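Dear colleague,

I am passing on the structure we spoke about, with the sequence alongside. Please look through it before reading my notes, which follow below.

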Amino acid sequence: MRVHHLNCATDCPLGGAIFDGRSLGPLGEIVGHCLLIETDAHGLVLVDTGYGLKDVAHPHRAPERIPKFFRGLLNIRLREEETAARQIEALGHRREDVRHIVLTHLDFDHAGGIEDFPGARVHVMKAEYDQATGPWDGFVQSRRYRPAQWDVVVDWRTYRAGGEGWFGFDAVRDLDGLPPEILMVPLPGHTWGHAGVAIRRADGRWLLQAGDAYFYRGEMRGARRRCTPGLRAYQTLMETHRGHRLRNQERVRRLSVEHRAEVQVICSHDPVEYERCRAGHGV
Ligand SMILES: [Zn+2]
């Protein structure tokens with residue numbers, strides 16, 4: 001299996017290094033780190049989808065695909081060339097070659113590209129599907145999910161954790177139609193059905209796309225968690241359950257320290273992790 005790293009969502013929030021810990025100017029950078037997996041017998045598998053073609057073309061036409069509140073807060077850039085569809089085409093594939101989409105969760109910045117691959121089977125935790133289809137309460141909950149991004153999907157596969165665990169975590173090992181090297185690792189807290197996606201590479205090492213279980217590289221791989229004030233506040237704003245979120249983030253941090261040789265942990269939104277992956281380095 002070959003894994004490509006794609007950025008399918010760029011946000012430039014006002015605050016610069018207060019968000020990303022490195023920008024010198026007033027604007028920070030947040031990416032949407034998606035994975036494209038070339039499998040031998042199961043076609044292309046996309047992990048998360050960022051913003052899609054329809055988000056770029058008409059983000060605010062009713063029914064609204066990108067909530068204006070988040071568009072402003074995050075200073076979202078919508079670029080057609082960054083959509084998964086256009087990047088996959090640029091790699092020489094057809095959109096129909098994407099047979100599976102595995103989602104960490106259904107937030108608007110992860111689910112926008114789903115409908116650009118109408119032939120794909122969409123895999124998500126059942127708890128996530130249930131939360132995303134509502135009813136919602138509260139300001140954030142009623143804006144984060146945009147059913148217009150995915151309401152024409154016909155081939156949903158939803159899961160509960162069960163069976164053999166993975167490094168002490170619950171896991172979903174038998175994703176319908178996917179090889180055993182790809183599994184889901186439930187990490188609730190950011191949302192109820194939020195999950196990481198673990199991929200076993202040819203060399204036996206694992207890649208864990210931990211989604212929004214953490215947002216900043218300093219939260220992993222060190223003895224202590226470090227996070228910028230902007231991303232700390234954003235994670236709090238977006239959490240569905242604080243206790244689960246902090247506990248699962250700590251478990252992933254420990255995994256990143258204690259099993260560093262076996263598991264490479266990345267998240268959805270850190271630009272430095274993304275750049276290192278693109279360059280072929282470990283994080
Ligand atoms: Zn996100």
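Of the 283 residues of the protein, which is a predicted model, 55% count as buried. The radius of gyration is 17 Å, which agrees with the value near 19 Å that a compact globule of 283 residues would have, and the C-alpha trace spans about 45 × 40 × 40 Å along its principal axes. The protein holds 10 helices and 12 strands, and among contacts with a separation of 6 or more, 65% are between residues 24 or more positions apart.

The metal site may be of interest to you. The zinc ion is coordinated by D109 through OD, H110 through NE2, D212 through OD and H269 through NE2, at 2.1 to 2.7 Å, and in sequence these donor residues follow the spacing D-H-x101-D-x56-H. The angles subtended by the 4 donor atoms run from 85 to 159°, which makes the arrangement irregular; a tetrahedral assignment would need all angles to lie between 85 and 135 degrees.

Helix α9 (residues 242–258) has 17 residues and reaches 24 Å from its first C-alpha to its last, close to the 24 Å expected at 1.5 Å a residue. Its buried residues are R245, N248, Q249, V252, R253, L255 and S256, and because they cover an arc of only 160° around the axis, they sit on the same side of α9. These buried residues pack against β11 (206–209), α8 (229–238) and β12 (263–266). In α8, the buried residues are G230, L231, Y234, Q235 and M238, which cover an arc of only 130° around the axis and therefore lie on the same side of α8. What covers them includes α1 (17–20), α3 (68–74), α7 (141–144) and α9.

Strand β10 (residues 195–200) contains A198, which is buried, with a relative accessible area of 0%. Leaving aside residues up to four places away in sequence, A198 touches W166, E181, I182, L183, V185, W206, L207 and L208.

Finally, a few backbone details deserve a check on your side. Most residues other than glycine have a negative phi, and most peptide bonds are trans. Against that background, the peptide bond from A62 to P63 is cis, with omega near -5°, and P63 is placed in the loop between α2 (53–57) and α3. Another cis peptide bond joins G134 and P135, with omega about 0°, and P135 is found in the loop between α6 (126–132) and α7. N75, in the loop between α3 and β5 (76–77), has a positive phi near 50° although N75 is not a glycine, and at 23% relative accessibility N75 counts as partly exposed. F167 likewise has a positive phi of about 50° without being a glycine; F167 lies in the loop between β8 (156–159) and β9 (182–186) and, at 30% relative accessibility, counts as partly exposed.

Definitions and conventions. Residues numbered from 1 in each chain as written. Predicted model: local features only at pLDDT ≥ 70, side-chain atom pairs only at ≥ 80, totals over all residues. Heavy atoms only, no water. Helix = DSSP H or I, 4+ residues; strand = E, 2+ residues; numbered from the N terminus. Expected span 1.5 Å × (residues − 1). Buried < 20%, exposed > 50% of the residue type's maximum accessible area, 1.4 Å probe, protein only. Arc of directions from axis to C-beta. Contact = heavy atoms within 4.5 Å. Donors = N, O, S within 2.8 Å, 3.2 Å for Na, K, Ca; no water. Tetrahedral: all angles 85-135°; square planar, octahedral: opposite > 155°, others 65-115°. Rg over C-alpha atoms; globule rule 2.2 N^0.38 Å.
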